[in-house]
Amino acid sequence: MKWINEPALWGQEKEYLWVRTMEDTDFWQRTHYGFRRDSAHAYVRPVKGDFALSARLRFYPGSQYDQCGLYLRSDDQNWFKCSIEYENSSLSRLGSVLTSYGYSDWATQDIDSEIHEIFYRIEFVDSDITAQYSLNGTEYFQMRISHFHGTKLPVLAGIYGCS
(Lines give C-alpha, C1' and ligand atoms only; values in the text may rest on other atoms or scores of the structure.)
Protein backbone atom coordinates (compact mmCIF):
# COMPACT_ATOMS: atom_id res chain seq x y z
CA MET A 1 0.00 0.00 0.00
CA LYS A 2 1.17 3.54 -0.69
CA TRP A 3 -0.17 7.04 -0.17
CA ILE A 4 -1.35 9.50 -2.76
CA ASN A 5 -1.10 12.80 -0.85
CA GLU A 6 -0.05 11.39 2.51
CA PRO A 7 -1.85 13.06 5.44
CA ALA A 8 0.16 14.61 8.27
CA LEU A 9 -1.60 12.43 10.87
CA TRP A 10 -2.37 8.75 10.34
CA GLY A 11 -1.61 5.40 11.87
CA GLN A 12 -2.32 1.71 11.76
CA GLU A 13 -3.38 -0.47 14.68
CA LYS A 14 -3.83 -4.16 13.77
CA GLU A 15 -6.26 -4.25 10.83
CA TYR A 16 -7.44 -0.65 11.43
CA LEU A 17 -6.13 2.39 9.60
CA TRP A 18 -6.97 5.81 11.02
CA VAL A 19 -6.57 9.11 9.20
CA ARG A 20 -6.99 12.77 10.10
CA THR A 21 -7.61 14.57 6.82
CA MET A 22 -6.00 17.90 6.05
CA GLU A 23 -7.99 21.04 5.14
CA ASP A 24 -8.77 22.03 1.54
CA THR A 25 -8.29 18.54 0.13
CA ASP A 26 -10.49 16.81 -2.46
CA PHE A 27 -10.61 14.76 -5.63
CA TRP A 28 -12.68 16.73 -8.15
CA GLN A 29 -12.28 17.87 -11.77
CA ARG A 30 -13.93 20.88 -13.43
CA THR A 31 -17.66 20.04 -13.62
CA HIS A 32 -20.15 22.55 -12.15
CA TYR A 33 -17.78 24.12 -9.60
CA GLY A 34 -15.04 24.90 -12.12
CA PHE A 35 -12.14 24.02 -9.83
CA ARG A 36 -9.71 21.13 -10.08
CA ARG A 37 -8.44 19.25 -7.04
CA ASP A 38 -6.20 16.23 -6.84
CA SER A 39 -5.20 16.65 -3.21
CA ALA A 40 -7.28 14.13 -1.20
CA HIS A 41 -5.52 11.41 0.78
CA ALA A 42 -5.74 7.92 -0.73
CA TYR A 43 -4.13 4.74 0.58
CA VAL A 44 -3.94 2.45 -2.44
CA ARG A 45 -2.26 -0.51 -4.06
CA PRO A 46 -1.96 -1.49 -7.72
CA VAL A 47 -4.38 -4.17 -8.93
CA LYS A 48 -4.39 -5.87 -12.34
CA GLY A 49 -7.42 -7.50 -13.91
CA ASP A 50 -10.84 -7.98 -12.34
CA PHE A 51 -11.17 -7.54 -8.56
CA ALA A 52 -13.49 -6.76 -5.66
CA LEU A 53 -12.71 -4.22 -2.94
CA SER A 54 -14.62 -3.86 0.30
CA ALA A 55 -14.13 -1.98 3.56
CA ARG A 56 -15.93 -0.89 6.69
CA LEU A 57 -15.38 2.77 7.45
CA ARG A 58 -16.05 4.71 10.63
CA PHE A 59 -16.52 8.39 9.89
CA TYR A 60 -16.38 11.29 12.37
CA PRO A 61 -16.72 14.50 10.35
CA GLY A 62 -15.89 17.89 11.82
CA SER A 63 -16.74 20.22 8.94
CA GLN A 64 -18.88 20.49 5.84
CA TYR A 65 -17.48 18.46 2.90
CA ASP A 66 -15.53 16.01 5.11
CA GLN A 67 -15.72 12.61 3.40
CA CYS A 68 -14.19 9.15 3.23
CA GLY A 69 -14.75 6.00 1.22
CA LEU A 70 -13.34 3.74 -1.48
CA TYR A 71 -11.20 4.98 -4.36
CA LEU A 72 -10.05 3.68 -7.75
CA ARG A 73 -7.55 5.56 -9.89
CA SER A 74 -6.07 5.22 -13.33
CA ASP A 75 -4.59 8.73 -13.38
CA ASP A 76 -5.55 12.28 -12.35
CA GLN A 77 -8.08 12.48 -15.22
CA ASN A 78 -9.78 9.09 -14.64
CA TRP A 79 -10.85 7.88 -11.21
CA PHE A 80 -13.83 6.79 -9.09
CA LYS A 81 -14.80 7.39 -5.46
CA CYS A 82 -17.79 6.44 -3.31
CA SER A 83 -18.36 7.92 0.12
CA ILE A 84 -20.46 9.86 2.58
CA GLU A 85 -19.92 13.61 2.35
CA TYR A 86 -20.93 15.56 5.46
CA GLU A 87 -23.17 18.58 4.88
CA ASN A 88 -24.53 19.52 8.32
CA SER A 89 -25.63 17.93 11.61
CA SER A 90 -28.77 16.41 10.08
CA LEU A 91 -27.94 15.76 6.41
CA SER A 92 -25.07 14.17 4.53
CA ARG A 93 -24.71 12.85 0.96
CA LEU A 94 -24.12 9.19 0.19
CA GLY A 95 -22.64 9.36 -3.25
CA SER A 96 -20.21 8.42 -5.93
CA VAL A 97 -18.07 10.40 -8.34
CA LEU A 98 -16.82 9.09 -11.64
CA THR A 99 -14.21 11.26 -13.29
CA SER A 100 -13.66 10.53 -16.99
CA TYR A 101 -11.25 12.40 -19.23
CA GLY A 102 -10.91 15.17 -16.64
CA TYR A 103 -14.60 15.77 -15.86
CA SER A 104 -16.28 14.68 -12.62
CA ASP A 105 -19.93 13.81 -12.06
CA TRP A 106 -21.63 13.30 -8.73
CA ALA A 107 -24.56 10.95 -8.06
CA THR A 108 -26.01 11.31 -4.54
CA GLN A 109 -28.78 10.45 -2.18
CA ASP A 110 -29.52 12.02 1.17
CA ILE A 111 -28.42 10.14 4.28
CA ASP A 112 -28.71 10.93 7.98
CA SER A 113 -25.60 12.60 9.44
CA GLU A 114 -25.95 10.38 12.52
CA ILE A 115 -24.60 7.46 10.45
CA HIS A 116 -20.93 7.08 11.39
CA GLU A 117 -20.23 3.58 10.13
CA ILE A 118 -20.80 2.18 6.64
CA PHE A 119 -19.63 -0.72 4.51
CA TYR A 120 -18.67 -0.30 0.85
CA ARG A 121 -18.07 -2.87 -1.85
CA ILE A 122 -16.81 -2.28 -5.39
CA GLU A 123 -16.57 -4.91 -8.10
CA PHE A 124 -14.34 -4.10 -11.08
CA VAL A 125 -14.95 -6.41 -14.07
CA ASP A 126 -13.81 -5.64 -17.63
CA SER A 127 -13.40 -1.96 -16.60
CA ASP A 128 -17.02 -1.82 -15.37
CA ILE A 129 -17.65 -0.70 -11.79
CA THR A 130 -20.49 -1.86 -9.56
CA ALA A 131 -20.53 0.07 -6.27
CA GLN A 132 -22.65 -0.92 -3.27
CA TYR A 133 -23.11 0.15 0.34
CA SER A 134 -24.44 -1.44 3.50
CA LEU A 135 -25.31 -0.10 6.93
CA ASN A 136 -25.00 -3.50 8.63
CA GLY A 137 -22.36 -5.36 6.59
CA THR A 138 -24.88 -7.95 5.41
CA GLU A 139 -27.56 -6.30 3.28
CA TYR A 140 -26.00 -4.34 0.38
CA PHE A 141 -27.65 -1.77 -1.88
CA GLN A 142 -26.53 -0.62 -5.30
CA MET A 143 -25.10 2.89 -5.55
CA ARG A 144 -23.93 2.87 -9.13
CA ILE A 145 -22.93 0.88 -12.20
CA SER A 146 -20.59 2.64 -14.61
CA HIS A 147 -17.74 2.14 -17.04
CA PHE A 148 -14.26 3.24 -16.04
CA HIS A 149 -12.98 5.06 -19.13
CA GLY A 150 -9.31 5.64 -19.78
CA THR A 151 -8.31 2.64 -17.72
CA LYS A 152 -4.62 1.96 -17.57
CA LEU A 153 -3.68 -1.21 -15.74
CA PRO A 154 -2.86 -1.63 -13.02
CA VAL A 155 -5.62 0.38 -11.36
CA LEU A 156 -4.78 1.87 -7.96
CA ALA A 157 -7.45 0.72 -5.47
CA GLY A 158 -8.00 1.55 -1.81
CA ILE A 159 -9.55 4.04 0.58
CA TYR A 160 -9.56 7.84 0.61
CA GLY A 161 -10.53 10.79 2.75
CA CYS A 162 -10.59 14.56 2.43
CA SER A 163 -11.84 17.79 4.02
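**Close-up views of a predicted model**

View 1. In E11, Ser-100 has Tyr-103 as its bridge partner. E10 and E11 (residues 103-104) pair in the antiparallel sense over two bridges; two strands count as paired if DSSP finds at least two bridges between them. Strands (E, at least two residues) are DSSP runs, numbered from the N terminus. Two residues lie between the strands of this hairpin, where Tyr-101 takes a positive phi near 50°. The model is predicted: local features need pLDDT of at least 70, side-chain atom pairs count only at pLDDT 80 or more, and totals for chains, interfaces and linings use all residues. Residues are numbered from 1 along each chain as its sequence is written, and side-chain values use heavy atoms, leaving out hydrogens and water.

**View 2. Further partners of E10.** Strand E9 (residues 78-86) runs antiparallel to E10 and is joined to it by eight bridges, with Ile-84 opposite Leu-94. Four residues separate E9 and E10 in their hairpin. Six bridges join E10 to the antiparallel strand E12 (residues 107-112), where Ala-107 stands opposite Ser-96. Of the ten residues of E10 (residues 91-100), eight are buried (under 20% relative accessible area, 1.4 Å probe, protein chains only; exposed is over 50%, partly exposed in between).

**View 3. Surroundings of Ser-146.** Ser-146 belongs to strand E15 (residues 141-147) and is buried, at 12% relative accessible area. Leaving aside residues up to four places away in sequence, Ser-146 touches Leu-98, Ser-127, Asp-128 and Ile-129 (contact means heavy atoms within 4.5 Å).

**View 4. Cysteines.** The structure holds zero disulfides (pairs of cysteine sulfur atoms within 2.5 Å). For Cys-162, the closest cysteine sulfur, in Cys-68, is 9.0 Å away, too far for a bond.
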